[in-house]
Amino acid sequence: MGAMAASSASAVNAAILLAALMLAAAPHGAAGASSALRHSATLRAGRAAGWQHALETAAATSKDEDASLIGKAARAPVRVVRGGNATGGGKTMGVDSEAEEPKGRVFAAGCMATAKVHSGSNKKDICPESCPFFVQDHKDWDFCTFACVAEDHCASYNPDTHIGDKNLGVCRSCIVSGCLHCDTSVTEDSCAECQAGYYLKDGQCWFKYGGAVSVVQGVLAVIVLLVAIWLLEWGFRPTVNQAGLDHALEAREKAKLKMKKDDDGVRKVFPLTTNLLKEQVAGPGMMLHFNFQVFLMIWAAFVAVAWMCFAQFVDADLWRLGTRKFGVPRENCILVMWGYERQQALMWTKVAFLWIVYLGSFLMCMAYGIYQLRSFQEVDYQHKTMKDFVAMIVGLPAIEGTKNVEEDLKAHIEQLTGQRLIGVSVAWDWQEHQEAIEKALDDDLQERLYLSGADQPEVLDEPQMGGLRSRFYKLEKSLLGLGPAEAVTERAEEDAGTPIEELLQALHTSPRAFVVFETQQAKEQAVEALHAGFSFEGASGIVMEELDAEPDTVQWACFGHSTRSQKIIRLALGFGCILLACLFWAVVFYAPYAYYVMTFNYENGRQPGFIVGFAFSMIVVVGNAIMYEVCAGISDKVGFQFKDDREACYMILYTIACMFNVGLDFVTTYFTAEKVMESLGFRTYFGTPLLEVKAFTAKFETYGMQRSLAENTYSYAFPSTFLIPFLIEPFPTIIAPLLLGRLLVRTHPEVQGKAAAEWVAMCPMEMGRYADLLLNAILGILIFYFPGGYTWRLFLAMAACHMWIYSFDHFRVLRAIPACTFASYDIEFAAQAILAPIIGIIAACLVFKSNCEPGMHCLTGPPLVGICTLGWLVHTVIHLAVLNYVIPMFGKAQPEEDPAKDETFTTLSSRMPCSWFTANPVHCLRSKHKYKHSPPCSFFVVGKEQYMKTNEKIGCHFEESSK
């Protein structure tokens, strides 16, 4: 296995490096190359001869440091070689730069003298008391030059910074929200011209639509207050429907996942100590899902530890590179110079780290894929489930419901194969009559409840109330559609020609049916006997094939209306809906935030406050929630016949939709950072204003942009995406529905029986968690494109947040979801396939960070983007190929002797209530209304298993003890 994985990894690396070398062979020194790239190449090439020598070559100057601190205002000052005193060293984990800086001293150049800062300059230096304000000297020909002046000289050095700020110790511009141009005639915060959407009054800018915003805020405040009063009053109402509430809570308890029947014939809930990594509680798919969660925890910890080792044993600056805060212009110059020098000097560590993470991630994915496959196969070999006794027929003609299709098809197959069948469960085309079918099933359940002697809901009078309570009560009934309760009475036997019988006769079969055998061996022999196909009812080419699904994963209403072309059309329309939903989120929720952060005054290190950060987190949560609902609706509308296919589609759609949101946010973040950096006068390390850097890749690699984008990526990921949504999730999925349901049932006597149970029912389990975790992995990998100070923090946070997610899902599965089954390997395989392009992002980043490294390619602009894309594509193709063709070679061999050979359909169905017959709605109704079976096949309803009856003649063997 190791040799095979190593060989695959080598092939990937060779392909990436080959592509890099081919593109690097192009004449990148042609006229199109930018000056920033040439400087970068000079600096990186100098590492072989020594970092300090490369600095001297790039700066083209070398002066004595002490002499360079003295300058005169009337002439250009002597400059300082950048590199100064900036050194690594130290082994203190996570210490902030400000804590490590030596205590500041009084600026040695004195008043009115201009001096240039460098990477080794102390951010804490202060000006003399007689001239207490640092000002950037815009009269000087050089950049990052500052002088100490009195307030009345601020404007003479920089007309835009006319105010002396004693707290910051700098000359600054006015701080007025919404201001475009300051009023420089005064030394106070006063604006001369406001931005669009604001008007000027007394030197301050006021939002033009503030009145409308206040009205909206007032209306929302009133609504919130009324809802709070409503809930408070509701909570203090007396209980008038205790019987209905008890019945609803009992039904909720019975619907939970339960073990197989014990010796007393009772099915108990799984204990909370159940190991979901091994135990089968909801099919092998659930086990694979929890293994996936643990895999991502281990992977996140691996990445964090890898970077922490570099920081601990190579250079302590790796703990904080890219995390030092922006501040006043002098501090920003020091930060950019220090950051660029340290990033370039330590770039070899970033490349080495990416090689380790890339190879480690790829090998871990391969090992994980083998482990998951073998785990699935082990479970499949050790346990017999309903899928082991069924074969699916494909190609049936449309046969009318008036015929005895089930019996005729059973006899025909028995004659062709020589095998005895338990029965045939036909998939009928009944989607257009879904409401009537479900109504008939509910009527049948109520009849079974009545005949079993179960307690029936009582008809209770409305409680006497008046005033505000009465109004709220009537409003609840109107909004929630609460009608009067009806007692169930004994039903007389229905006559022939009733609406449901006519409906069943009018139905037609879909092209599929499920043939049930007593043993797995009989099924396999029958499939082999009919491998060439057979004919039935005048149709030929009908085939029988094995099936990897369980009966409770079949979506019976979707047969007959879901051809391949119909699914493709619905998916295409679904992507249109995703784009519209993304547009809605962007305009309604994201645009106001983006406008605010783009117009905020970031000068002198100012940052939006906590409210803005919290609002951003909520915007991310709302965006993901919108995508969740849209993708769930699309997956339901596509018309998949099997739930596992629906879940795989949903996971892929949700991942893509969330990436739309992430992409939109990162584009906005980039342009916001670009606008802010340019407006604040940021330059490259070599003095080029950002405004003059035209190439995207060159601007992206400037340290100011890198540091800003790193911080935004970290904020987007943690806590906005990694933590907050999952801290909130228990409330809308478990706590709020249960509390509100209990409140409604106990205070409304008209809510009885099935309606009461539905109000406190648990939310079903979906496999959308795969998409949540994959999105987290993508966001984590994006931090690799930036300085690494956030890397270890982000991945430790990811591992910790995933532990919380695992704990919550563990509790939810065992105590807060209705019984379900995830039987196939399809969802897990789709998740592993999505990991291919995700790990490909690491490969692309490796190509990007290797740019202009000694002996590597050196490109800029579109060629650099192209080679990174090629690296991503090469890895994705190889990864998928290994997943499809190599990993199956390491699968687990089927044991020579079947460990569950004594298990038959009869023994299994006597313990499991959901079978191919009891799960099929139309089959159960035809058993009762057409074939007149006594007792008929009981339709399986989660939580109502105790009302199912045995009829061995028709393959129904389950009956639960009343204990």
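How many helices and strands does the secondary structure of the chain comprise? In this predicted model, the chain contains 30 helices and 14 strands. Of its 963 residues, 53% are buried. Among contacts with a separation of 6 or more, 76% link residues 24 or more positions apart.

Helix 15, spanning residues 499-506, packs with helix 30, spanning residues 921-929, at an angle of about 120 degrees, and their axes lie 11 Å apart. The crossing of helix 15 past helix 30 is left-handed. On the side of helix 15 the contact involves I500, E501 and L504, while helix 30 contributes V922, L925, R926 and H929. By residue class, this contact between helix 15 and helix 30 consists of four nonpolar residues, two charged and one polar.

A loop position was also considered. Q195 lies in the loop that runs between strand 7 (191-194) and strand 8 (198-201). The relative accessibility of Q195 is 16%, so the residue counts as buried, the cut-off for that class being under 20%. When residues up to four places away in sequence are left out, Q195 touches G178, C179, L180 and T599.

How values were computed: Residues numbered from 1 in each chain as written. Predicted model: local features only at pLDDT ≥ 70, side-chain atom pairs only at ≥ 80, totals over all residues. Heavy atoms only, no water. Axes fitted to C-alpha atoms, helices over the stretch in contact; angles between N-to-C directions. Helix = DSSP H or I, 4+ residues; strand = E, 2+ residues; numbered from the N terminus. Left-handed = near helix turned anticlockwise from the far one by under 90°. Contact = heavy atoms within 4.5 Å. Nonpolar A, V, L, I, M, F, W, Y, C, P; charged D, E, K, R; others polar. Buried < 20%, exposed > 50% of the residue type's maximum accessible area, 1.4 Å probe, protein only.
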